[in-house]
Amino acid sequence: SAPQVGNQCSIVVIAPLTDRAHEELNKKINCLQMQMLPYSLYGNDGLLPARWQLRYSGKSLGEQLLSSPTLLWLGPRLGLDTHTAMELLCLIGAALSLAATLVEALRDSVVFFCLWALYLSMYQVGQVFLYFQWDNLLLETGFLCILVAPLTLIRGSRGVRAHDRVTFWLIRWLLFRLMFASGVVKLTSRCPTWWGLTALTYHYETQCIPTPLAWFALQLPVWWHKFSVVGTFIIEIAAPLLFFSPLRRLRLGAFYLQVLLQVLIILTGNYNFFNLLTLALCLSLLDDQHVHFWLRKADKISNNAFTFHQFNQFLKTVTIPSIWIGVLSLTWEMVTAMFRCACVSGFLKRFWGTLQWTVFAAATVAMFTISLVPFSYIEFDSHARLWPGVRQAYDMVDRYQLVNSYGLFRRMTGVSGRPEVVIEGSNDGVSWTEIEFMYKPGNLSAAPAVLTPHQPRLDWQMWFAALGDQTQAPWFTSLIYSLLQGKRDVIELIQTDVSQYPFYQQPPTYLRAHRYRYWFTEPKADGSRWWRRVYDEEFYPKVHLGSTFLESMLNQHGLKDKSPPRRMPNTTVAQAVRWVRSQVRGVPTHILIWTLIASSVTLCLLQGLQNRNKHTERTPLTYMAAGNDHTDNVPDDSSDHCGKSDEQQAAKGEEEEKKEDGQDSEDEVEEGGGEEKEDTVDDEED
């Protein structure tokens with residue numbers, strides 16, 4: 001029999017069992033658990049079930065997609081519940097991303113649109129665990145990729161298009177908004193640590209999940225930390241203004257400053273894919289000629305002091321002009337792209353290029369226009385001066401996360417010590433055992449983790465919860481409730497290897513949480529410890545299943561699921577999704593992600609080596625055939641051809657094709673090929 005006890009299913013055995021029967025019963029229980037354990041955060045038994053965000057009110061599918069644009073509305077039509085549909089979308093996105101990494105033809109606008117739609121679908125139901133700036137940045141970057149990438153799957157062509165520079169300019173504009181706003185908010189927040197240049201004396205140990213190198217960075221002298229803060233302001237506020245400079249060297253200098261900042265952040269902190277994505281955006285400042293060598297530069301830093309009022313006046317002065325810099329830069333890209341369209345030979349090609357330019361230029365102008373709303377948030381007067389029509393257009397597309405506002409480390413937290421919530425469990429209410437998380441600080445002897453580009457969402461939210469009280473983090477009550485019930489999926493969020501969880505055999509009877517203040521240890525302290533801590537206060541009182549406080553919190557925040565238990569779907573798709581989940585169960589997420597990345601990189605390298613070997617094998621045969629046919633006529637040309645680079649050979653091949661199509665003379669072919677080559681080089685530089 002299987003009576004329901006709360007949300008747990010207990011199996012009651014009536015008759016004595018043999019060892020073989022015990023073994024078979026355990027297999028059935030494991031099979032039942034595999035089917036009953038949903039996605040840890042958003043499944044039917046997760047911390048914040050996603051189906052709570054999808055209330056079916058009898059509206060048509062179109063109305064549902066407009067009110068909440070997510071593909072999860074299609075789940076019931078496929079015979080899938082919300083939990084299984086989410087896992088299916090994740091698997092499709094991962095498979096499509098890896099395929100696009102390995103197959104050039106799949107790096108297409110259609111594929112990027114599918115990836116953007118998949119992530120937006122998850123974002124719509126992600127609630128507090130997906131409301132991070134990097135999630136917004138990934139969505140905005142993904143949408144821009146739709147405009148930048150070619151339409152290979154539809155048009156069957158990957159040639160350089162006249163409008164490419166116009167749409168690609170939006171990547172640079174996004175990078176400018178990200179970095180400039182991140183620097184400005186540090187000063188507009190009036191945080192004394194940023195104004196006093198002491199922020200980095202706290203940052204390394206108070207950030208969410210530091211790396212082992214953060215401990216060593218904290219030991220650097222105070223003057224170096226202050227110098228680093230000044231450098232941060234220069235990189236995030238002054239350098240972004242050079243992104244639109246017509247001088248190539250200034251853009252390259254700004255690029256290397258951004259790379260320096262992002263690499264230092266990666267070495268000292270775990271910020272998942274955020275810094276890697278920022279580095280990808282920084283590539284918009286480069287040209288192809290610069291990829292193969294390193295530019296040396298010298299930094300000049302000013303130590304002039306200024307007040308908040310002076311900075312606010314500076315911000316009022318520079319915000320609107322920075323927008324006009326963007327307008328002028330975009331106008332220049334559009335004019336040059338239009339000129340290229342006009343220079344194309346042939347009426348049909350010119351007409352088709354002009355039509356493409358018109359469509360994509362209009363899309364670029366629209367994206368730039370609506371991006372002015374979140375960008376101008378950094379200065380109130382400038383925001384108020386925007387044309388109301390711009391704000392109305394932004395409100396119409398806000399739900400799709402096409403453009404967003406950014407601003408990192410607005411205020412430095414943990415000045416008086418890093419706050420950390422520690423959960424404790426007990427079976428008798430007397431002796432208590434701390435529950436350690438895989439990534440966040442807890443155990444004083446555990447070294448900080450290195451897990452980029454993975455983001456453990458629960459560990460991050462534990463850091464935010466410690467900054468306030470438990471009423472500001474309703475999901476924490478759901479976590480306590482799930483641990484008291486012994487839900488294995490939630491336990492795996494804390495420890496992938498459930499045997500490391502102290503109550504994996506039997507759920508704790510009581511749970512409580514305390515807040516501590518953590519610091520890195522001093523260099524001369526006990527070498528076996530990375531952290532030291534002092535007790536701060538109670539964060540969550542002692543509770544048990546059925547306790548008055550726990551029940552009141554569950555009812556207050558609507559966290560108690562009153563709907564009847566749902567059967568797991570048994571469709572072919574649902575069974576396939578559950579099988580894939582069973583294959584990766586128990587593998588730490590950051591190891592799984594790095595395995596996929598390493599596999600894709602290895603395959604890409606093997607493909608490159610294979611193509612290189614094929615090219616090496618074919619080239620001598622081609623030259624021998626050419627020598628047999630033209631030995632007496634063009635020996636000098638053959639010698640020159642052997643000494644040319646692959647790009648020159650490709651250009652000459654295009655010239656020969658044009659000659660076969662009916663060019664008047666060899667001189668005209670060479671002249672036309674030279675012009676085409678120059679255009680191609682210009683496009684590659686961009």
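Biologist: Does Arg-251 count as buried or exposed, and at what relative accessibility?

Modeller: Arg-251 counts as buried, because its relative accessibility is 15% and buried means under 20% relative accessible area. Keep in mind that this is a predicted model.

Biologist: Where does Arg-251 lie?

Modeller: Arg-251 lies in helix α12, which covers residues 248–268.

Biologist: Which residues is Arg-251 in contact with?

Modeller: Set aside the neighbours within four places in sequence. Arg-251 is then in contact with Arg-172, Leu-242, Phe-243, Ser-245, Pro-246 and Leu-285.

Biologist: Take another arginine. Is Arg-177 buried or exposed?

Modeller: Arg-177 is buried, with a relative accessible area of 3%. Arg-177 lies in helix α7. Again leave out residues up to four places away in sequence. Arg-177 then touches Glu-140, Ser-371, Pro-374, Phe-375, Val-403, Asn-404 and Tyr-406.

Biologist: How many residues apart along the chain are Arg-177 and Ser-371, and what separates their C-alpha atoms?

Modeller: They are 194 residues apart along the chain, yet 8.8 Å separates their C-alpha atoms. Now look at the chain as a whole. Of its contacts with a separation of 6 or more, 74% are between residues 24 or more positions apart.

Biologist: Let's stay with the whole chain. How many helices and strands does it have?

Modeller: The protein chain has 26 helices and six strands. It has 686 residues, and 44% of them count as buried. Its accessible surface comes to about 35,700 Å². Carbon and sulfur atoms hold 59% of that surface.

Biologist: What should I know about nonpolar cores?

Modeller: Here is the general idea. In soluble globular proteins, nonpolar side chains tend to be buried together. Now the case here. The largest nonpolar core has 149 residues. Ile-423, Trp-475, Phe-476 and Leu-479 touch the most other members. Helix α7, residues 164–188, gives the largest share of this core, with 14 residues.

Biologist: What does Trp-475 touch, not counting residues up to four places away in sequence?

Modeller: Trp-475 touches Leu-48, Val-128, Phe-129, Leu-458, Gln-461, Met-462 and Ala-465.

Biologist: And Phe-539: where is it found?

Modeller: Phe-539 is found in strand β6, residues 531–543. Phe-539 counts as buried, at 6% relative accessibility. Tyr-516 is 23 residues from Phe-539 in sequence, and their C-alpha atoms are 9.4 Å apart.

Biologist: How do I read a pair of packed helices?

Modeller: Two packed helices are described by the angle between their axes and the distance between the axes. Start with α5, residues 133–148, and α15, residues 347–375. They pack at an angle of about 160 degrees, with their axes 11 Å apart. That angle makes α5 roughly antiparallel to α15. The contact is made by Phe-143, Leu-144 and Leu-147 of α5 and by Phe-360, Ala-363 and Met-367 of α15. The crossing of α5 past α15 is left-handed.

Biologist: Next pair. At roughly what angle do helix α3 and helix α22 cross?

Modeller: Helix α3, residues 82–102, and helix α22, residues 572–584, cross at roughly 65 degrees. Their axes come within 10 Å. So α3 and α22 are roughly perpendicular to each other. Among the residues that make the contact are Leu-88 and Leu-91 of α3 and Val-577 and Val-580 of α22. This crossing is left-handed.

Biologist: Now the backbone. Which peptide bond is cis?

Modeller: Look at the bond from Thr-452 to Pro-453. This peptide bond is cis, with omega near 10 degrees. Pro-453 lies in the loop between β4 (433–435) and α18 (457–466).

Biologist: What is phi of Gln-127 near?

Modeller: Phi of Gln-127 is near 55 degrees, a positive value in a residue other than glycine. Gln-127 sits in the loop between α4 (109–126) and α5. Gln-127 is buried, with a relative accessible area of 12%.

Biologist: And what about phi of Leu-197?

Modeller: Leu-197 is not a glycine either, yet its phi is positive, about 65 degrees. Leu-197 is found in the loop between α8 (192–195) and α9 (200–206). At 24% relative accessibility, Leu-197 counts as partly exposed.

Conventions:
Residues numbered from 1 in each chain as written. Predicted model: local features only at pLDDT ≥ 70, side-chain atom pairs only at ≥ 80, totals over all residues. Heavy atoms only, no water. Core = buried A, V, L, I, M, F, W, Y, C linked by side-chain atoms within 4.5 Å. Buried < 20%, exposed > 50% of the residue type's maximum accessible area, 1.4 Å probe, protein only. Helix = DSSP H or I, 4+ residues; strand = E, 2+ residues; numbered from the N terminus. Contact = heavy atoms within 4.5 Å. Areas by Shrake-Rupley, 256 points an atom, 1.4 Å probe, with all protein chains shown as cover. Axes fitted to C-alpha atoms, helices over the stretch in contact; angles between N-to-C directions. Parallel < 35°, antiparallel > 145°, perpendicular 65-115°, else oblique. Left-handed = near helix turned anticlockwise from the far one by under 90°.
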